[in-house]
Amino acid sequence: MVTAPLITPSVINLPTVDKANRQPDKPLEVTIKNDDLIEFKKDPISGSSGLQVPMNQIGQAVKAAQNGDDQRPVVISADKSVKYETVVKAMNQLKRAGIERVGLSVQATGSGR
């Protein structure tokens, strides 16, 4: 006969963190239109057109748009026709400017193919 030990459930007091009141960070949206021109939006929800800057100035422009909030995320979107090398170059410029939270935006493809 096999016996299993009986474990009585107990209450665990977990520590709490006061992040419930904090609004999630709105990311800065960087759009790579071609090899030399980049557009970014400070507030992607508003839908207003963003600032257009040359590739070599994107790091400084985005850093300024963060307004001292180094933890504000940046999301990069690029058209299929943009070279992978260009996207990497943009990420490099952001990294050199001290921007740590950088992500890539992707579009899901349809299923069932």
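Residues count as buried under 20% relative accessible area, as exposed over 50%, and as partly exposed in between. With that in hand, welcome to a predicted model of a chain with 2 helices and 5 strands. Starting at the N terminus, the order of elements is β-β-β-α-β-α-β. Of the 113 residues in the chain, 24% are buried.

- Helix α2 covers residues 84–96, and its axis lies 8 Å from that of α1.
- The angle at which α1 and α2 pack is about 55°, which means that α1 is oblique to α2.
- As for handedness, the crossing in which α1 passes α2 is right-handed.
- Leu94 and Asn56 are 38 residues apart in sequence, and their C-alpha atoms are 9.9 Å apart in space.

**The salt bridges**

- How many salt bridges does the structure hold? There are 3 of them, and each is described here.
- Lys33 pairs with Glu39, with 3.9 Å from N to O between their side chains. Lys33 is partly exposed because its relative accessibility is 43%, whereas Glu39, at 11%, is buried.
- Asp70 pairs with Lys63, and here the N to O distance is 3.0 Å. Asp70 counts as partly exposed because its relative accessibility is 39%; Lys63 is partly exposed too, with a relative accessible area of 26%.
- Glu100 pairs with Lys95, at 3.2 Å from N to O. Glu100 has 53% relative accessibility and so counts as exposed, while Lys95 is partly exposed with a relative accessible area of 49%.

**A closer look at Glu39**

- You will find Glu39 in strand β2, which spans residues 37–41.
- Is Glu39 buried or exposed? Its relative accessibility is 11%, so Glu39 counts as buried.
- Besides its salt bridge with Lys33, the side chain of Glu39 has a polar contact, at 3.4 Å, with the side chain of Gln52.

**The loop between α1 and β4**

- This loop runs between α1 (58–65) and β4 (74–78), and Arg72 is one of its residues.
- Arg72 is buried, yet it has no salt bridge.
- What does the side chain of Arg72 reach instead? It reaches the backbone oxygen of Lys26, at 2.7 Å.
- Asn67 has its place in this loop as well. With 67% relative accessibility, Asn67 counts as exposed.
- Asn67 is not a glycine, but its phi is positive, at about 50°. For context, most residues other than glycine have a negative phi.

- Ala78 sits in strand β4. Its relative accessibility of 38% is why Ala78 counts as partly exposed.
- How many residues separate Ala78 and Ile32 in sequence? The answer is 46, while the distance in space between their C-alpha atoms is 4.8 Å.
- Ser105 lies in the segment after β5 (102–104). Ser105 has a relative accessible area of 38% and is therefore partly exposed.
- From C-alpha to C-alpha, Ser105 is 9.9 Å from Val74 in space, and the two are 31 residues apart in sequence.

Definitions and conventions
Residues are numbered from 1 along each chain as its sequence is written. This is a predicted model: local features need pLDDT of at least 70, side-chain atom pairs count only at pLDDT 80 or more; totals for chains, interfaces and linings use all residues. Side-chain values use heavy atoms; hydrogens and water are left out. Helices (H or I, at least four residues) and strands (E, at least two) are DSSP runs, numbered from the N terminus. Buried means under 20% relative accessible area, exposed over 50%, partly exposed in between (1.4 Å probe, protein chains only). Lys and Arg count as positive and Asp and Glu as negative; His and the chain ends are not counted. A salt bridge is a side-chain nitrogen of Lys or Arg within 4 Å of a carboxyl oxygen of Asp or Glu. A polar contact is a pair of N or O atoms within 3.5 Å; within protein, one must be able to donate a hydrogen and the other to accept it, and residues adjacent in sequence count only if both atoms are side-chain atoms. Axes are lines fitted to C-alpha atoms, for helices over the stretch in contact, and angles run from 0 to 180 degrees between N-to-C directions. Angles under 35 degrees count as roughly parallel, over 145 as roughly antiparallel, 65 to 115 as roughly perpendicular and the rest as oblique. A crossing is left-handed if the near helix is turned anticlockwise from the far one by less than a right angle, and right-handed if clockwise.
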